[in-house]
Amino acid sequence: MRPIKDSSSRFIKIRCPKCKNEQVVYGKASTTVHCLICQKTLAEPTGGKSRIKARVLEVLV
Ligand SMILES: [Zn+2]
């Protein structure tokens, strides 16, 4: 199992690929996460863990 998989249960800092806004989201968010600035979908729930659709900058332990 790759380390990146473990990040799904933590808070992660991501950067919106569209407007470069950085925000922190929970890796197991059960709802779709949108960018606070441009409303682009940044993460989607997929059976318990989020599918991140933005660049992950940092995993916050
Ligand atoms: Zn954005």
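User: What pLDDT does the protein average, and what share of the residues score at least 70?
Analyst: This is a predicted model. The protein averages a pLDDT of 86, and 85% of the residues score at least 70.

User: Which elements have the lowest and the highest mean pLDDT?
Analyst: The lowest mean among the elements, 54, belongs to helix 1 (residues 3-6). Strand 3 (residues 33-34) has the highest, at 95.

User: Turning to the sheet of three strands, what is the order?
Analyst: The order is 2-1-6; the sheet is open and the pairing is antiparallel.

User: Why is one side of strand 2 and of strand 6 left without a neighbour in the sheet?
Analyst: Strand 2 (22-26) and strand 6 (55-60) stand at the edges, and each has a single partner strand, so one side of each lacks a neighbour in the sheet.

User: And what does the twist average from one strand to the next?
Analyst: The twist averages 30°.

User: How many bridges join strand 1 to strand 6?
Analyst: Five bridges link strand 1 (residues 11-15) with strand 6, and these two strands run antiparallel. Within this pairing, R15 has R55 of strand 6 as its bridge partner.

User: Now strands 4 and 5: how many residues lie between them in the hairpin?
Analyst: Two residues lie between strand 4 and strand 5 in the hairpin. In the turn, G47 adopts a positive phi of about 60°.

User: Which residue in strand 5 stands opposite T46?
Analyst: That residue is K49. Strand 4 (residues 41-46) and strand 5 (residues 49-52) run antiparallel and are joined by four bridges.

Technical notes. Residues numbered from 1 in each chain as written. Predicted model: local features only at pLDDT ≥ 70, side-chain atom pairs only at ≥ 80, totals over all residues. Pairing = 2+ DSSP bridges. pLDDT = per-residue confidence, 0-100. Axes fitted to C-alpha atoms, helices over the stretch in contact; angles between N-to-C directions.
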